[in-house]
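Here is a chain to look through.

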Amino acid sequence: MRSVLLLFSRIRRLISTIPDNSRRLQRIQEALGRIERRQLAVVPSARFGDSEFRVFSQWGEDGLIQYLLDRVPTPNRIFVEFGVENYLESNTRFLAVNDSWSGLVMDGSQKNIAFIKADPISWACQLKSACAFITRENINELLESNGIAGDIGLLSVDVDGNDYWIWEAVSCISPRIVICEYNSLFGPTARVTTPYDPAFVRGNAHYSKVYYGASIAALESLGRSKGYTLVGGNSAGNNCFFVRNDLATALTQVNAEQAYRRARFRECHDESGRLNHAGFEQQLACIGDLMVFDLDRQALVKVSNVGRNE
């Protein structure tokens with residue numbers, strides 16, 4: 001009995017250290033990020049695609065953002081990111097903790113926003129968080145009601161669905177850098193997106209969870225119409241990066257085909273909701289009969305016909 005009580009006592013002591021250890025681990029993450037940042041800064045000839053590193057981003061976006069900040073002046077150090085979940089993994093957290101940027105993050109889950117508000121980052125880094133289900137109808141009102149307008153440093157769009165339509169609708173801000181998620185299953189050249197549905201939820205749209213978003217070519221075209229230059233994509237094959245035309249002269253412009261990468265992750269689910277690790281072609285076949293909006297034809301087409309002449 002005594003040995004059991006001693007075991008429980010040790011477990012309680014271990015559990016009591018978890019929050020402190022979590023903070024320490026985060027500080028280690030931040031320190032490693034600063035080291036990576038300094039290494040990047042001493043290699044001014046580095047190429048965009050060679051500058052990836054990850055601190056809080058899902059893939060190498062932290063490094064790619066820092067690369068752009070060395071070449072794009074950002075006097076208004078303000079960011080906006082939506083679709084952040086609990087914000088522990090995001091494109092802008094390193095900007096807040098390392099570069100002292102302020103910003104607005106939004107997510108549709110009240111639980112996630114409550115988590116963010118309880119996170120020390122909310123008071124330590126001038127971070128504002130808001131619970132909202134974002135649509136093209138409400139995006140500008142949400143930004144303006146949270147005090148965001150005009151020239152800002154960075155916008156990150158990742159809502160797993162209406163990304164194209166929401167970025168198209170944004171008009172009250174003029175971000176210098178824009179990051180937008182693309183769906184690599186739609187290929188490098190076709191200009192397509194899921195049809196606009198203000199209630200679109202990726203998990204409800206199709207059991208596979210790989211039917212969402214827009215092609216990189218659609219986003220390149222949209223960016224061009226809004227005055228932005230495509231400067232690259234990440235190696236994971238899901239995010240592309242734009243810089244406002246008036247600030248892009250020091251950067252190499254690329255087209256959608258050059259920036260495109262097949263996603264290296266396998267996120268397809270089966271009908272029971274389990275991750276099935278399907279390859280690229282299997283994932284594509286899984287959603288082949290679903291419809292996307294073809295911006296060139298101005299018509300709905302099957303995913304299986306994307307990039308083909310009908």
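The questions and answers that follow set computed values against their definitions.

Q: What kind of model is this, and how are its residues numbered?
A: This is a predicted model, where local features need pLDDT of at least 70, side-chain atom pairs count only at pLDDT 80 or more, and totals for chains, interfaces and linings use all residues. Numbering runs from 1 along each chain as its sequence is written, and side-chain values use heavy atoms, with hydrogens and water left out.

Q: Why is Asn162 called buried?
A: Buried means under 20% relative accessible area, exposed over 50%, and partly exposed in between (1.4 Å probe, protein chains only). Asn162 has 4% relative accessibility, so Asn162 counts as buried.

Q: Where is Asn162, and what is it in contact with?
A: Asn162 sits in the loop between β4 (150-157) and α7 (163-169). Helices (H or I, at least four residues) and strands (E, at least two) are DSSP runs, numbered from the N terminus. Leaving aside neighbours within four places in sequence, Asn162 is in contact (heavy atoms within 4.5 Å) with Pro195, Tyr196, Asp197, Pro198 and Phe200.

Q: What makes helix α2 mostly covered?
A: Nine of the nine residues of α2 (residues 61-69) are buried. Among them are Glu61, Asp62 and Gln66.

Q: What makes a set of residues a nonpolar core?
A: The members are buried Ala, Val, Leu, Ile, Met, Phe, Trp, Tyr and Cys residues, joined through side-chain atoms within 4.5 Å. The largest such core here has 58 residues. Phe82, Met106, Ile139, Leu143 and Leu219 have the most contacts inside it. A second, separate core has 28 residues, including Phe48, Ile65, Tyr67 and Leu247.

Q: Which residues is Leu143 in contact with, leaving aside its neighbours within four places in sequence?
A: Leu143 is in contact with Val80, Leu104, Met106, Ile148, Val170, Cys172 and Ile173.

Q: Why are β6 and β10 called edge strands?
A: The open sheet has three strands in the order β6-β9-β10, with antiparallel pairing. Strands β6 (192-193) and β10 (299-302) each pair on one side only.

Q: How many helices and strands does the chain have, and what percentage of its residues is buried?
A: The chain has eleven helices and ten strands. Buried residues make up 51% of its 310 residues.

Note on methods. Two strands pair if DSSP finds at least two bridges between them.
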